[in-house]
Amino acid sequence: MSNMLERLYPLSKLFHTETRLAPLTDLMMREAGQLLKAENGVLVLFDADGKFTNIFTWKLSSINTDDENWHLWLYSSVISLTYHTQRVVIIPNISVDPRWGNHVFQTNLPQNGSALALPLIYKNDVIGVMVFLHPQIGHFENDLTPLPEELGVLCAGHLHTALLLRWAGGEDVRDKLEQAQLQRDLSAMIYHDLRIPLQTLRASTTKLAELLANHDDFNILNLLQINIRSVRQLRRLVDNLLDMERLENGDTFIKQDWANLHDIMTHAIDLVQPLALEANQHFQFILADNLPPLMVDADMILRVIVNLIENALKYTPTGGNITIGARIKDGMAWVNVQDTGNGIPKDMQQSIFDKFSRAHQHSTTHKSIGLGLTFCRLAVQAHGGDIWVESEIGKGSNFIFTLPLPFSTTSTDNIKPSSSSDELASTA
């Protein structure tokens, strides 16, 4: 939903006003229920072993949560289904749908109407399940997603903080936990919400370029191509920021599959080639002959290489050279991007991979927030590799990262490259 941020951000601010578990759950159920236009609901919290620890009801005061039938219903109903699938479950008619649970008649729960269950996921673990009810059949059949999913993530973060505070029993950590959680919630919502208008902008601009493909004015076509490239850059930036948040939180979400490193690097060159042409900079592509397929998240590694090349373009003077290469060494695939810029001081070569850090040599001429190299480090390390820079002032910089091979191999440091001087983009 394009207005998701407008709907969820006020809730995040409101949830920060309460960190005690019971009052917080009451607040969440009421506000989330009103947002979904529900009549009542249930919240169940689980421990690390999948056993329920707390049960909270909203407008269901007649429920006896200590009753054995209630426990049977929990483990055989939509609660269990949502917990195990980690997905939003919508039941249009609970009176005929077996997902509602076989023991519902002994629990005093509603037996008619519709239900929506959403998982509360924190760092890939389901810490709870919210179930909302409405007496009208089909009430939750509207196009609600991705609202319930984002709502579940938001509530899970605040509940996790409340559980930590209850376990720690200390007030001194509350402010820090709240501030950190607010930053994570706000960042995640912004990143997610930016994707929708960017996708719309990209699709509409691409369609406009197709409609004007035969236009007589070349400047119009050129401007459209610039817009398309800019939208792609923004989308990569948003994806990088979102992935950084998830990688820093320890989420294991990367989708690894067999990929050809040559294809990934060629695609990266295609994406950044217009920037090199504008700056009159030259590419050299040096790739070893016998690189095996790698088991990687191809999109993420593509963005790593694009980041490194764009960084090299930024700090290489007009008419400079940028070399992109790959080889096998010490049982790893080595990828490097080398520029002919001013170089990076020795004392900055480690810290430039930290968030919000930049080399002093560059900060006066190129303004940025210093997140691109941080994403590269996190993405490469998530694949089991490493990344570093070799640089001398006045002699340029060589950024190198490694990726594990799918099988053990001997060092092939002297592999003959497929091309020692294959210029893919040159304005000379």
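**Loops, helices and charged pairs in the predicted model**

D330 is placed in the loop that runs between β9 (321-329) and β10 (332-338); helices (H or I, at least four residues) and strands (E, at least two) are DSSP runs, numbered from the N terminus. The model is predicted, so local features are given only at pLDDT of at least 70 and side-chain atom pairs only at pLDDT 80 or more, while totals for chains, interfaces and linings use all residues. Residues are numbered from 1 along each chain as its sequence is written, and side-chain values use heavy atoms, with hydrogens and water left out.

Although D330 is not a glycine, its phi is positive, at about 55°. Most residues other than glycine have a negative phi. With a relative accessible area of 53%, D330 is exposed; here exposed means over 50% relative accessible area, buried under 20%, and partly exposed in between (1.4 Å probe, protein chains only). Q86 sits in the loop between α4 (78-85) and β3 (89-91), and its relative accessible area of 36% makes it partly exposed.

Seen as a whole, the protein has 11 helices and 12 strands. Of its 428 residues, 48% are buried. The accessible surface comes to about 21,300 Å², and carbon and sulfur atoms hold 50% of that area; these areas come from the Shrake-Rupley method with a 1.4 Å probe, and for residues only the protein chains shown count as cover. Among contacts (heavy atoms within 4.5 Å) with a separation of 6 or more, 69% join residues 24 or more positions apart.

T323 is buried, at 15% relative accessibility. Leaving out residues up to four places away in sequence, T323 touches Q284, I286, N336, V337 and Q338. With Q284 there is a polar contact between side chains, at 3.4 Å; a polar contact is a pair of N or O atoms within 3.5 Å, and within protein one must be able to donate a hydrogen and the other to accept it, with residues adjacent in sequence counting only if both atoms are side-chain atoms. T340 lies 17 residues from T323 along the chain, and the C-alpha atoms of the two are separated by 9.1 Å.

Helix α2 (residues 21-35) has 15 residues and spans 21 Å from its first C-alpha to its last, close to the expected 21 Å, a value given by 1.5 Å times one less than the number of residues. Its buried residues include L21, L24, L27, M28, E31 and L35. An α-helix has 3.6 residues a turn, so residues three or four places apart point the same way. After α2 comes K37, with a positive phi near 60°. Helix α11 (residues 372-382) is mostly covered, with eight of its 11 residues buried; among them are L373, F375, C376, R377 and L378. G384 follows α11 and has a positive phi, near 85°.

What of the charged side chains? The whole structure contains five salt bridges, a salt bridge being a side-chain nitrogen of Lys or Arg within 4 Å of a carboxyl oxygen of Asp or Glu. Side chains of opposite charge can pair when their charged atoms come close. One of the pairs joins E18 and R20, whose closest N and O atoms are 2.8 Å apart; E18 is buried, with a relative accessible area of 15%, whereas R20 is exposed at 52%. A second pair involves E31, a buried residue of α2, and R30, with 3.4 Å between the closest N and O atoms. The relative accessible area of E31 is 17%, while R30 is partly exposed at 34%. K395 and E392 also meet in a salt bridge, at 3.5 Å from N to O. K395 is exposed, at 62% relative accessibility, and E392 is partly exposed, at 43%.

D297 has no such partner: this buried residue forms no salt bridge, and the nearest side chain of opposite charge, that of R303, is 5.8 Å away. For this comparison Lys and Arg count as positive and Asp and Glu as negative, and His and the chain ends are not counted. D297 is found in the loop between β8 (294-296) and α9 (298-315). Beyond its neighbours within four places in sequence, D297 is in contact with I254, K255, Q256 and H383.
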